[in-house]
Amino acid sequence: MELFLLALVGFINLTMIAVIFLSGKKNTINISFLLLLMLIVGWAIGDMLMLFSDNKRLAMLGLQMFMVIPMYVSLAIVYFAHFFPKKTSFSKSDIPWIFIPLAATTTLALYILAKLDLFVTFIANDQPFNDYSVNSGYNDIYSPYFTVYFLLYAGIFVYRFLHSKGIDRKRIQYLMISLVVATIIAVTFNIMTPIKTGTLDTAWVGPLSSTLLIAATIFSILKYQLFDVKYTVFRLLAYFLSLSIISLLFISVAFNLTTLFFSQSLIPLSIQIYYM
């Protein structure tokens, strides 16, 4: 079920990427939000490989993605907070906001990848989750990093909220609340719980928190025309998303029922591979 939920989160984020991309608006606000969504998809893929792959190389690739992509997710939120809601074009004053945090995050990410065993050690491929040991360096790096970035983008959103009026204020309100709650959930299950338990068994919850952001985004699109998304485009893709989710749920239930009652699943092999 955890694997299915991660796949579903990735699919939902990809659909939202299509919605915003097809809106036709290629300004800094939309681009920074698209970057955020794409990173969340990468985060979900990394978690799937890290926790569920029975191939050690793929599991290690997933671990590397899990270790660095959430850092860039926080960075993308800072970018989005900086441009939202009215700064639709790039200027020279944006250079420090973009390149200084990017350089710092990339330097830290490269250090983590080079010294991975200081933070997490792969133990063995196992069921239901692959086994990892969370080391002391995990807390030393991630706790201060995500605290700084959380305070940074939360502070920017609060400032924007206090200095905005009308529709912009409403847009900021819903996105700000969803991002704060999603961050708390992600930090709880991706940092605090692993540090306490010494394992990464709860890491799959992190990308799921993005559904709060997607829900707030959909609400803001419908009510406040967020990202200037055309209603007809959004409606068509919303229908597609709904049908796809229903189809995925049906396949998941059918797969689990057939493997429960029969020695070999009746679901086609190509679909079984997806769930393995």
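**Ground rules.** I number residues from 1 along each chain as its sequence is written, and I use heavy atoms for side-chain values, leaving out hydrogens and water. As the model is predicted, local features need pLDDT of at least 70 and side-chain atom pairs count only at pLDDT 80 or more, while totals for chains, interfaces and linings use all residues.

**Aromatic pairs.** I searched the whole structure and found 11 aromatic pairs. Rings of Phe, Tyr and Trp (its six-membered ring) pair if their centres lie within 6.5 Å; planes under 30 degrees apart are stacked, over 60 edge-to-face, the rest tilted.

I looked up Phe-122 and Tyr-132. Their ring centres are 5.4 Å apart and their planes stand at 70 degrees, so I log the pair as edge-to-face. Phe-122 is in strand 1 (residues 120–124) and Tyr-132 in strand 2 (residues 131–134), 10 residues apart. Helices (H or I, at least four residues) and strands (E, at least two) are DSSP runs, numbered from the N terminus. Both Phe-122 and Tyr-132 are buried. Buried means under 20% relative accessible area, exposed over 50%, partly exposed in between (1.4 Å probe, protein chains only).

Next came Tyr-142 and Phe-146. Their centres are 5.8 Å apart with planes at 20 degrees, so this pair is stacked. The two sit 4 residues apart in helix 5 (residues 136–162), about one helical turn. Tyr-142 and Phe-146 are both buried.

**Leu-113.** I found Leu-113 in helix 4 (residues 95–114). Its relative accessibility is 34%, so it counts as partly exposed. Leaving aside neighbours within four places in sequence, Leu-113 contacts Gln-64 and Val-68. Contact means heavy atoms within 4.5 Å. I also checked Met-67: it is 46 residues from Leu-113 in sequence, but 7.9 Å away C-alpha to C-alpha.

**Cavity.** I found 1 cavity of 30 Å³ or more. On a 1 Å grid over the protein atoms alone, a cavity is a set of points where a 1.4 Å probe fits but cannot get out; lining residues have an atom within 4 Å of a point. Points are joined across faces, edges and corners, and volume is the space filled by probe spheres set on them. The largest cavity holds about 320 Å³. Of its 24 lining residues, those closest to the centre are Trp-43, Val-73, Ser-74, Thr-183 and Ala-186. Helix 6 gives the largest share of the lining, 7 residues.

Notes:
On a 1 Å grid over the protein atoms alone, a cavity is a set of points where a 1.4 Å probe fits but cannot get out, and a pocket is an open set with protein on both sides within 12 Å along at least five of seven lines; lining residues have an atom within 4 Å of a point.
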